[in-house]
Every structure is written in C-alpha cells, then in structure tokens.
Amino acid sequence: MSSETLLRFILAIGIIVLGAAAYWLVNHRLLVRAKNNVFTLFKKLPDKPVIVYFTTPDCVPCKTIQRPALDKVRTLLGEKLQVIEIDASERPDLARSWGVMSVPTTFLLDARGEARYVNNGVARAEKLMEQIQALYFVNELTTNRKSGKP
Amino acid sequence: MTSQTLQKVDHSALKTNQIIIISLNILAFILNLPVLAALVALVMGIGSALKVPGFGIVYKNLLKPRGWMKPDVLDDNPEPHRFAQILGFVFMTAGSLALFLGATVLGWGLVWLVVALAALNAFGGFCVGCAVYYWLGRFQLFGFTKQPPAGTFPGMKPKAGVSV
C-alpha cells in the first residue's frame, strides 16, 4: 500500500468516524431532550420504567404492530412497567418538544425518569424487552455498587 | 392530509443500492480512482432512467434469491426515491467532472456528500432527496404530487411492517 493510499485510507476512516459521532450526537440529543421534558408528562416520578409511546389515530403500523407489542410487554411485566400513550396529532406541542418526527416512536425511561432508549419507528416486543432487561441489569449493578455487593 | 394510493416499495433494494454506492465511493476515494466515481454516477444515471435503484440488480439477482437479504416491503411512494437517486446522480456527475478537471477538493467533497446522504438513508432511515421532493411538493411544482405516507415525517422511512 503506497503512502498516499494509506493517507487516504486514514482520512476516509476519520471522516466515517466523524459522521458516526455526529449521528450518535443527534440521537443523544434526542434522549437529553426527552429527559428535559419528562416533567411535562408526570409531576412525580413513577419509580418504575416507563414507555412513552407517540402515536396517531391514522397510523396503521401503530395499530397492527406497535400496540400488540406494547400489550405483550405490558402482560409480561405487569405492574413493573408503565406505558404512557400520546396522540401526537392531539398534542403536537408535546411531540415537537420530545423531537418526535414520525409515529410510532417509543422512548424508554428508567425509574429516575431518564430517557435511555429511543425507537424511531416500530419497536417489536423482543426489542423492547431487551432494552428493559438492559435497564434492569444496569439498575441492579448500580444498586449493588451502592450497597457494596459484588 | 389527502388520501393517496401508496405502492409496495422494497426498501431492501434501496438499502443495497445505498450501501454499494457508499462502498464504491469510499473505495474510489482511497484508491484515488475518479473513474470508479464516474462509474457509480453512470449506474445511478441508468437506474434513474429505468426507474429502478441503480445497483438494485445486485439485490434482485444475488442477495434476495440466496436469502442473504430479506425483503422489507413497505407502503410508500416510489417517486421520491427516484428523485433522490436523480439528485445523487447529479451530484456524482458534478463530482466526477470536477475530479477529471482537476478540482479534487470540490470533486471528492461532492462524492463524500453523496456518501453522507446515502449513509443517512441506509443507517438512519432518513432520505434527504425524498424530503426535498415532498418539500417541493408543498409548492405544488409540476410532477411533485405525492405526499408522505400517513404519520410519517417527510423523508423518514415509513414504518409499516408489510411482508411478502
């Protein structure tokens, strides 16, 4: 590989990394935005994970895929999870402030009301469960660390 | 929003097209091969003329039959995607011409712009060319008649899980 090709290769990698970082930043900003707007939904934190689900009445995949997925997760987790459904056509201000660009969009908040995951588009039950499990795993780690457990 | 008839659009074909465009353009940059960038422009041009994704043939004849990539058929408008490819073709042609004329910074800049927009579409689900199409449609320009599928932000990938 000539030095010029190598230089171009490094440059290409640099540009790709920069692009990926920009994309990550946008998603991160969306989560921060959700975190800042959490008190537009509840006055007091619910002390359990919350799924904030943005939908509209004319959204077909919301009815056919997203709602059944949420129902499945709700059945599996029962009282351990709260689902808040927001009609984005009735509350465009809320959708705008949360940075929602399409429906369905689901945010997963942890018990402290911090937005941890955002799913732009349909999120199947398996995916939501994975995210919730990761949330519980992190919470467990944090609790163990605080209580000095290994 | 008025009702409109949507068509079945296989987003896997579009994604394959975008990933090949990204890969070949990056390869063209690394190997300093303006000819390869021009070839990408040519394939995109042919695809635009035939109203199909330029490199969609790879998906249709190789990836799909072997099951390496599954169809992702959604109710969508094909026109904005065609328009996006035409935009990409224009940028790629301008970039290739700039490279052949010695304006390397401009040339590779345009090629990287196409890479960035294709990556945003392939990995982020946002088609800038489609958003431009819908935006022009708001001014009721001739030919820009379609509206985004219900509940979808202009340019974002529709989310219906219709499978074939």
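In chain B, the axes of helix 1 (residues 11–30) and helix 3 (residues 56–63) come within 7 Å and cross at roughly 115°. Axes here are lines fitted to C-alpha atoms over the stretch in contact, with angles from 0 to 180 degrees between N-to-C directions; helices (H or I, at least four residues) and strands (E, at least two) are DSSP runs numbered from the N terminus. This is a predicted model, where local features need pLDDT of at least 70 and side-chain atom pairs count only at pLDDT 80 or more, while totals for chains, interfaces and linings use all residues. Residues are numbered from 1 along each chain as its sequence is written, and side-chain values use heavy atoms, leaving out hydrogens and water.

**Exercise 1.** Work out which residues make the contact of helix 1 with helix 3 of chain B.

*Solution.* Start with helix 1 of chain B: look for B:Ser12, B:Ala13, B:Thr16, B:Asn17 and B:Ile20. Then go to helix 3 of chain B, which brings B:Gly56, B:Val58, B:Tyr59 and B:Leu63 (contact means heavy atoms within 4.5 Å).

**Exercise 2.** Find the disulfide and say whether its cysteines are buried or exposed.

*Solution.* First, spot the link from B:Cys127 to B:Cys130, S to S 2.2 Å; a disulfide is a pair of cysteine sulfur atoms within 2.5 Å. Next, check the S-S bond: 75°, right-handed. Finally, B:Cys127 is buried because its relative accessible area is 3%, and buried means under 20%, exposed over 50%, partly exposed in between (1.4 Å probe, protein chains only). B:Cys130 counts as buried too, at 3%.

Key: Chains lettered and ligands numbered in written order.
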